Amino acid sequence: MTVDDRRLLYAAAFFRALATGMVGVLIGVYLAKVGLDALAIGNVVTAGLSGAAVAAMLVTLAGDRLGRRNSLVALSLAGAIGGLGFALASGPAAIGAAAFLGMVNGMGRDRGASVIIDQAILPAMASEPERTSVYAWYNVLQDAGHALGSLFAALPTVL
């Protein structure tokens, strides 16, 4: 693993956190605008978090056998397909199914399967004395992504 690999992992974590921060603010607004009531919105958020929990369990149990890179690619594809389905679906059941597949996180913090894999990869990307700073930078970039994503999503309501 090289420094370039580490930077790529940092960038992926930052942009994933940016999106998660935005979704945490916008999901309720979006679902209300498509006509879902509070119970249906809660069910969709629950479905998304359940999908993230199932993915985390699968990655924990089989991530190394599947390969960490392959697991990250599969999670990215599932997120993209589920996110597209989420945007195109019209009924609560279809939106919930897409949220589950896409692991749509309405909580504003990225604690899904990708983070598990990232944290398993990070030690191999640094020498022993560098590991603390590697994890620190990873967490700083994630926190900055969450904060900026939430801020960008809330900005139109503030202006």
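## Basis of the description

Contact is taken here to mean heavy atoms within 4.5 Å. The structure is a predicted model, in which local features need pLDDT of at least 70 and side-chain atom pairs count only at pLDDT 80 or more, while totals for chains, interfaces and linings use all residues. Residues are numbered from 1 along each chain as its sequence is written, and side-chain values use heavy atoms, with hydrogens and water left out.

## Asn105 and its loop

Asn105 is in contact with Thr20, Val23, Gly24, Leu49, Asp110 and Arg111, once its neighbours within four places in sequence are set aside. The residue belongs to the loop between helix 4 (92–102) and helix 5 (113–121); helices are DSSP runs (H or I, at least four residues), numbered from the N terminus. Asn105 counts as buried because its relative accessibility is 13%, where buried means under 20% relative accessible area, exposed over 50%, and partly exposed in between (1.4 Å probe, protein chains only).

The side chain of Asn105 takes part in polar contacts, a polar contact being a pair of N or O atoms within 3.5 Å; within protein, one must be able to donate a hydrogen and the other to accept it, and residues adjacent in sequence count only if both atoms are side-chain atoms. A polar atom of this side chain lies 2.8 Å from the backbone nitrogen of Met107, and the side chain also reaches the backbone oxygen of Arg109 at 2.5 Å.

Thr20 is part of helix 1 and is buried, at a relative accessible area of 10%. Its side chain reaches the backbone oxygen of Arg16 at 2.8 Å. Not counting residues up to four places away in sequence, Thr20 touches Asn105, Gly108, Arg109, Asp110 and His146.

Gly21 likewise lies in helix 1 (residues 3–33) and is buried, with a relative accessible area of 1%. Between Gly21 and Asn105 there are 84 residues in sequence and 8.9 Å in space, C-alpha to C-alpha. Beyond its neighbours within four places, Gly21 is in contact with Gly108, His146, Gly149 and Ser150.

## Aromatic pairs

The whole structure holds 2 aromatic pairs; rings of Phe, Tyr and Trp (its six-membered ring) pair if their centres lie within 6.5 Å, and planes under 30 degrees apart count as stacked, over 60 as edge-to-face and the rest as tilted. The rings of Phe14 and Phe15 are edge-to-face because their planes stand at 75 degrees, with centres 5.2 Å apart. Phe14 is buried at 19% relative accessibility, whereas Phe15 is exposed at 54%.

The rings of Tyr30 and Phe86 have centres 5.7 Å apart and planes at 35 degrees, so this pair is tilted. It links distant parts of the chain, Tyr30 in helix 1 and Phe86 in helix 3 (residues 68–88), 56 residues apart.

How values were computed:
Helices (H or I, at least four residues) and strands (E, at least two) are DSSP runs, numbered from the N terminus.
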